[in-house]
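Reader: Please take me through the assignments in this model, and set each value against its definition.

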Amino acid sequence: MLARCYNPNNKMYYRYGGRGIRVCDRWLGRDGFATFCSDMGQCPSGDYSIDRINNDGHYSPENCRWADRITQNRNTVRNRALTIDGETAC
């Protein structure tokens with residue numbers, strides 16, 4: 001999360017920090033990790049990772065959740081929702 005947002009040498013920087021995505025101040029600095037853990041709670045299992053609900057939003061308690069790989073894959077800027085006969089699908 002931090003490397004993608006703040007390290008221009010990170011291979012994914014262009015999708016995060018390069019687009020202006022940042023980590024909230026609460027999760028930065030000396031007590032940042034402890035605050036992150038307090039805000040987000042324990043990761044449910046190794047099958048989950050941090051996910052931004054709004055892909056254009058920053059990493060913050062109100063915009064992050066623990067999500068499994070299926071949810072993560074559906075929540076990307078590359079996906080489009082299509083509605084056919086009243087049913088919307090990814």
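Author: In helix α2 (residues 32–40), the buried residues are G32, T35, F36 and M40. They span an arc of only 115 degrees around the axis, which places them on the same side of α2; the arc is that of the directions from the helix axis to the C-beta atoms. A34 and S38, on the other side of α2, are exposed. This is a predicted model, in which local features need pLDDT of at least 70, side-chain atom pairs count only at pLDDT 80 or more, and totals for chains, interfaces and linings use all residues. Residues are numbered from 1 along each chain as its sequence is written, and side-chain values use heavy atoms, with hydrogens and water left out.

Reader: Why is N63 called buried?

Author: Buried means under 20% relative accessible area, exposed over 50%, and partly exposed in between (1.4 Å probe, protein chains only). N63 has a relative accessible area of 10%, so it is buried.

Reader: What makes L2 partly exposed?

Author: The relative accessible area of L2 is 42%, and therefore L2 is partly exposed. This residue is found in helix α1 (residues 2–6).

Reader: Which backbone atoms lie 2.9 Å from a polar atom of the side chain of N63?

Author: The backbone nitrogen of N54 lies 2.9 Å from such an atom, and the backbone oxygen of H58 also lies 2.9 Å from a polar atom of that side chain. N63 itself lies in the loop between β1 and β2.

Notes. Helix = DSSP H or I, 4+ residues; strand = E, 2+ residues; numbered from the N terminus. Polar contact = N/O pair within 3.5 Å; in protein donor to acceptor, adjacent residues only side chain to side chain.
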